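Here are my notes on this model, as numbered points. Please read them with the structure open.

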Amino acid sequence: MSNDQHRSCRCVKSNCVKLYCPCLSAYGYCSQNCRCTNCKNREYYEDFVEERVDMIKMKNPRAFDPKIVRVQDASEIEPQSSNAVPMPEVQVPRTFV
């Protein structure tokens, strides 16, 4: 788990081992920037954290999947209903550096 790709947390009662902890949900340990209380999401508790992550994944296998997925091409998106209206193409002006 990496520490550099997530925000700091302020968890109080969850010991940072619940999915709503931003550090754990980013699949990382809490860092020195966190202001959490009684934190168990540290490298010292690695076995405990992995056990909790496995329990969360057993309940919801997609729990740690990214919440926002980038789509390269709009044609990859399937319309949800037959009433779907295609979005017009948007021209983005070029900026000169």
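1. A cut-off comes before the details. Buried means under 20% relative accessible area, exposed means over 50%, and partly exposed lies in between. Cys 16 has 0% relative accessibility, so Cys 16 counts as buried. Please keep in mind that this is a predicted model.

2. Overall make-up. The chain has two helices and zero strands. The chain has 97 residues, and 23% of them count as buried. Take the contacts between residues at least 6 apart in sequence: 44% of these join residues at least 24 apart.

3. Backbone at Asn 15 and Cys 16. Phi of Asn 15 is near 60 degrees, a positive value in a residue other than glycine. Phi of Cys 16 is also near 60 degrees, again positive and again not in a glycine. Asn 15 sits in the segment before helix H1 (22-25). Cys 16 lies in the segment before H1 as well. Cys 16, at 0%, is buried.

4. The largest nonpolar core. This core has 16 residues. Which of them touch the most other members? They are Cys 9, Cys 16, Cys 21, Leu 24, Cys 30 and Cys 36. H1 and helix H2 (46-59) each supply at least two residues of this core. H2 gives the largest share, three residues.

5. Contacts of Cys 36. Leave out residues up to four places away in sequence. Cys 36 then touches Cys 9, Arg 10, Cys 11, Cys 16, Cys 30 and Arg 42. Cys 9, Cys 16 and Cys 30 are, with Cys 36, among the core residues that touch the most other members.

6. Cys 34. This residue lies in the loop between H1 and H2. Cys 34 counts as buried because its relative accessibility is 10%, and the limit for buried is under 20%. Beyond residues up to four places away in sequence, Cys 34 touches Ser 8, Cys 9 and Cys 23. How many residues separate Cys 34 and Cys 11 in sequence? They are 23 residues apart, with 8.6 Å from C-alpha to C-alpha in space. Cys 9 is a contact of Cys 34 and also a contact of Cys 36.

7. The salt bridge. The structure holds one salt bridge. Which side chains meet in it? They are those of Arg 62 and Asp 65, at 3.1 Å from N to O. Side chains of opposite charge can pair when their charged atoms come close. Arg 62 is exposed, because its relative accessible area is 62%. Asp 65 is partly exposed, because its relative accessibility is 32%.

8. The second largest pocket. What is its volume? The value is about 180 Å³. Its lining consists of Leu 19, Ser 25, Ala 26, Tyr 27, Ala 63, Phe 64, Asp 65, Pro 66 and Lys 67. These lining residues divide into six nonpolar, one polar and two charged. Asp 65 lines this pocket and is also a partner of Arg 62 in the salt bridge.

Terms used. Residues numbered from 1 in each chain as written. Predicted model: local features only at pLDDT ≥ 70, side-chain atom pairs only at ≥ 80, totals over all residues. Heavy atoms only, no water. 1 Å grid on protein atoms, 1.4 Å probe; cavity = no way out; pocket = protein on both sides within 12 Å on 5 of 7 lines; lining within 4 Å. Points joined across faces, edges and corners; volume = space filled by probe spheres on them. Nonpolar A, V, L, I, M, F, W, Y, C, P; charged D, E, K, R; others polar. Helix = DSSP H or I, 4+ residues; strand = E, 2+ residues; numbered from the N terminus. Buried < 20%, exposed > 50% of the residue type's maximum accessible area, 1.4 Å probe, protein only. Core = buried A, V, L, I, M, F, W, Y, C linked by side-chain atoms within 4.5 Å. Contact = heavy atoms within 4.5 Å. Salt bridge = Lys/Arg side-chain N within 4 Å of Asp/Glu carboxyl O.
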